Amino acid sequence: MSLFPTAPDKHALEEGTVLTPRFDANGLVTVVATEADSGAVLMVAHMNAEALKRSIETGEAWYWSRSRQELWHKGATSGQIQTIVEMRVDCDQDALWIRVKVAGDGGCCHTGRCSCFYRAQPLRGEAGKPLIICE
């Protein structure tokens, strides 16, 4: 039994008001998490149907850990629980954007930084190595 319905057609998928997520071949949907107040991108992760269901039910971010092959309640061990302020689904329902408030010390990355996107890559011939922008 599927946890979410399937859109009956393209119009329902793109214009409908029913959540009908399109999980990939591995049963996952990509999620972009941003900080609710600043808009800073914190991380990109994945949810399977169970993680999405739990996220909706609890208002806290649950993900599917591809490396550990298990459900992952973000912050359960670190204290950096992500409380979801808003969840949006994209036009063809194969990606999610969640705006979150992070508990604990506000970190999100397993490296201890505030965001997984802590390196700024020089562009267009700018000299130098990537800059660390988030400690």
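## Salt bridges, core and pocket of a predicted model

Arg-88 is partly exposed, with a relative accessible area of 42%; the classes used here are buried for under 20%, exposed for over 50% and partly exposed for values in between, with a 1.4 Å probe and protein chains only. The model is a predicted one, in which local features need pLDDT of at least 70 and side-chain atom pairs count only at pLDDT 80 or more, whereas totals for chains, interfaces and linings use all residues. Residues are numbered from 1 along each chain as its sequence is written, and side-chain values rest on heavy atoms, with hydrogens and water left out.

**Overall architecture**

The protein contains two helices and eight strands, these being DSSP runs numbered from the N terminus (helices: H or I, at least four residues; strands: E, at least two). Along the sequence they follow the order α-β-β-α-β-β-β-β-β-β. Taken along the principal axes, the C-alpha atoms occupy a box of roughly 50 × 40 × 30 Å. Of the 135 residues, 33% are buried.

**Salt bridges**

The whole structure holds eight salt bridges, each a side-chain nitrogen of Lys or Arg within 4 Å of a carboxyl oxygen of Asp or Glu. Arg-88 takes part in one with Glu-86, at 3.1 Å from N to O. Glu-86 and Arg-88 also belong, together with Arg-99, to a network of salt bridges.

Glu-50 and Arg-54 pair at 2.9 Å, N to O. Because these two residues lie four apart in helix α2, about one helical turn separates Glu-50 from Arg-54. A further bridge joins Glu-70 to Arg-68, with the closest N and O atoms 3.1 Å apart.

| Residue | Relative accessible area and class |
|---|---|
| Glu-50 | 25%, partly exposed |
| Arg-54 | 29%, partly exposed |
| Arg-68 | 44%, partly exposed |
| Glu-70 | 38%, partly exposed |
| Glu-86 | 25%, partly exposed |

**Nonpolar core**

The largest nonpolar core has 19 residues, of which Met-47, Tyr-63 and Ile-98 touch the most other members. Such a core is a set of buried Ala, Val, Leu, Ile, Met, Phe, Trp, Tyr and Cys residues joined through side-chain atoms within 4.5 Å. At least two of its residues come from each of β1 (29-35), β2, α2 (49-58), β3 and β6 (95-102). Beyond its neighbours within four places in sequence, Ile-98 has contacts that include Val-31, Val-32, Ala-33, Met-47, Tyr-63 and Ile-84, as well as Glu-86, the salt-bridge partner of Arg-88.

**Largest pocket**

A pocket is an open set of points on a 1 Å grid over the protein atoms alone, where a 1.4 Å probe fits, with protein on both sides within 12 Å along at least five of seven lines; lining residues have an atom within 4 Å of a point. Its lining comprises 18 residues, and Met-43, Val-44, Trp-72, His-110 and Cys-116 lie nearest the centre. Both β2 (41-47) and β3 (62-65) provide at least two lining residues, and β2 gives the largest share, four residues.

**The β1–β2 loop**

Asp-37 sits in the loop between β1 and β2 and is exposed, at 61% relative accessibility. Asp-37 and Val-85 are 48 residues apart in sequence, with a C-alpha to C-alpha distance of 9.7 Å.

Note on methods
Contact = heavy atoms within 4.5 Å.
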